[in-house]
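Me: I have a structure open and want to learn how to read it. Can we go through some features together?

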Amino acid sequence: MDISQHILEKETEVCHLDCVTAFNALTKKEKLYSHYLARASWYGGLIVLHQTSPESPTIFCLLMKIFSKQNSDQIAKIAVEECEFTQEELTAFNVYFAGFLANMGNYKGFGDTKFIPGIPQEKFMRLIMSTQAYRDDPQVVAKLMETCAEPTYSLNEGNKQLGLGKDGISSYFSDNCNKTDAELIQKFLDSKSISAYNTRLFKDGNGVYNVRLASALTDVSESLACLGEYKFADGDKTYDIKVTRGDYSNLMKLVVENLEKAKEYASNDNEANMITEYIASFTTGDLNAHKNGSRYWIRDKGPIVESYIGFIETYRDPFGTRGEFEGFVAMVNKEMSKKFTDLVDSSDQLLKLLPWPKDYEKDEFLRPDFTSLDVLAFAGSGIPAGINIPNYDEIRQSEGFKNVSLGNVLSAAYSAGKKVWFLSDGDQQLFKDYKSKSFEVQVGLHELLGHGSGKLFQKSKDGLLNFNSDSVQNPLTGKAVEKWYDVGETWDGKFGALSSSYEECRAECVGLYLCLDFDVLKIFGHEGKVAEDIIYVNWLNMVWAGVQGLLYYTPENQTWRQAHMQARYVILRVLMEAGIVTIEHLTCADDGKADAVVSIDRSSIATIGKKAIGDFLLKLQVHKSHGDAEGGQELWQKYATVGSDVAPDMLRLRQTVVLRRQPRKIFVQDNTVHRDDSVELVTYPVTHGGVIDSFVARFHGEDISKLL
Ligand code: ZN
């Protein structure tokens, strides 16, 4: 069996989730509020261990035991000096534990496959038995090791991935449950209007089902209507089902305790009420209280400190209805927001620069709802770059949701450490130096003037057109406008599946086009040579991302799986057509395998490049303004195609991109410490060891085995 895909690559990069600037800009009260929300999130995040695999909590206990006595540097010293570890083996050991913590368990948060340590089991055990923790407490450490050694290393058909019954491992269910059990219980839950989000299912030897709710309280006496014993008839059979509570009760208590403290520092009634409801839900197991908390959360518009906590995403329950615990705290990036505000203040001037006549621009500029947040703490099985919650449909449909972009997740994922594939040697350094800064400019322009610009030609209920059909000319044909959105027609409705990538492409093009303006770069603090370099790197980054975008294309069914990446690929193709971007296929001198280099002619960006993007952007806008989905589709297809006669080399390029695919990065997150009367931010080395040490510090002084 090829086990390499079940070992995290030793090249796995670590990056810092940098929130120092945003955190320092908080008031004392806001710092205290975020500190306690972060504490609540971190304790709750440990629930994910229980939700991932039976051995994950034990592995976590072992890890905490070892690394709380000696930090990662000291353990590394023992490994090399006493246990004959090579550097490679040491890296593999650290990558395993750092990866385990980043995924909150021994299955990948993104992909659901199991991973095992990349060193032999004997060596792993030998190191653990050489640590101070083992010398101080041999029986306890030996017991932990005994319990988890076999399942840590075991790889068979039944445990290689998460799944229900024979398909894999799932600790949302006892291991005697299969899909039939899951379906039966879903019918029962639906019949009682119980939501599965905060539950797990266990079946005992007599076939009695226990639906267990997550809560601090463990009794059944207090009033929560759904608790109790039921006889449930399905077909000609009757089943015994109990609804109990108290799953993860020790952790839920700590979540509640920290939320109580956070509530003291809430900055408005919505926040206080939201926390009150969360506390009620986590204490009693009543999911309706969490829904009410989410309602207050939606109403808490544009807070300085943003958060969400609970059983949220259902991706990892093989049945798809049970939520994984997730908690995050983030801060509005005030510096970034200031730049965005300045940009909006200049919008009148900037919109005039766009390549369409003023009739195609809105009568009044509407500032889009957009918050850029820097994450202070994100606990769970992975960190997304953007979020759109709550997931409760009844709330989303009628009361709304929030859309946030996690700025420091994006910028960290964009800071390149070592060799960047597909760039020439000459571009490497410049790209690394300016990638984050140029991306900041691009995101601001994309969100505010990209998504915020352009007018839709619409007929209203009273039959009036919102443009002058006698005077407005189609700039592509020079003739009168013949198409528009009829009464009730919408952009999404007309463009359908094409709408997201098309709109993302329009916004990206606006970013490329407007970043050429030196007044814009000045708003972001860039002048002179630096401003010129930022323009270059922004354009280079766009075509580079277009190449990377091929990872999100599936040739088998010719579909794209990611709107932004498709948009960037289209831009790459537009600039290739203009003749200023070249792609060279070559063989890597180091490993003899396929390689490629994408480059853009720097001296032609402001001339040929600007004209090509301007012309394309105008076409995108005109079809959008007119509601001309056919015209839009035709334009789009020309550039979005991969392979065939149109772009034959792109399939080959895709294979190279797949071959050179980089492992997912791991984040090292800061800690907050409430000392005396202030909250301090503590940062850690940006290494695999730093990830481990930061987690140990997070639970310093806690007897973890009693909590899990
Ligand atoms: Zn966008």
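Reply: We will take a metal site, a pocket and a helix pair. This is a predicted model, where local features need pLDDT of at least 70, side-chain atom pairs count only at pLDDT 80 or more, and totals for chains, interfaces and linings use all residues. Residues are numbered from 1 along each chain as its sequence is written, and side-chain values use heavy atoms, with hydrogens and water left out.

Me: Which residues coordinate the zinc ion?

Reply: Look for donors: N, O and S atoms within 2.8 Å of the metal (3.2 Å for Na, K and Ca). Water is not among the atoms, so sites may look incomplete. Here His 446 (NE2), His 451 (NE2) and Glu 504 (OE) coordinate the zinc ion at 2.0 to 2.1 Å. Their spacing in sequence is H-x4-H-x52-E. His 451 and Glu 504 are 53 residues apart and link distant parts of the chain.

Me: Which residues lie nearest the centre of the second largest pocket?

Reply: Rolling a probe the size of a water molecule over the atoms shows where empty space is left. In this model, Asn 333, Met 336, Asp 374, Ser 411 and Glu 440 lie nearest the centre of the second largest pocket, among 27 lining residues.

Me: Which residues of H24 meet H25?

Reply: Contact means heavy atoms within 4.5 Å. Helices are DSSP runs (H or I, at least four residues), numbered from the N terminus. From H24 come Phe 616, Lys 619, Leu 620 and His 623. They meet Gly 631, Gly 632, Leu 635, Trp 636 and Tyr 639 in H25.

Notes: Helices (H or I, at least four residues) and strands (E, at least two) are DSSP runs, numbered from the N terminus. On a 1 Å grid over the protein atoms alone, a cavity is a set of points where a 1.4 Å probe fits but cannot get out, and a pocket is an open set with protein on both sides within 12 Å along at least five of seven lines; lining residues have an atom within 4 Å of a point.
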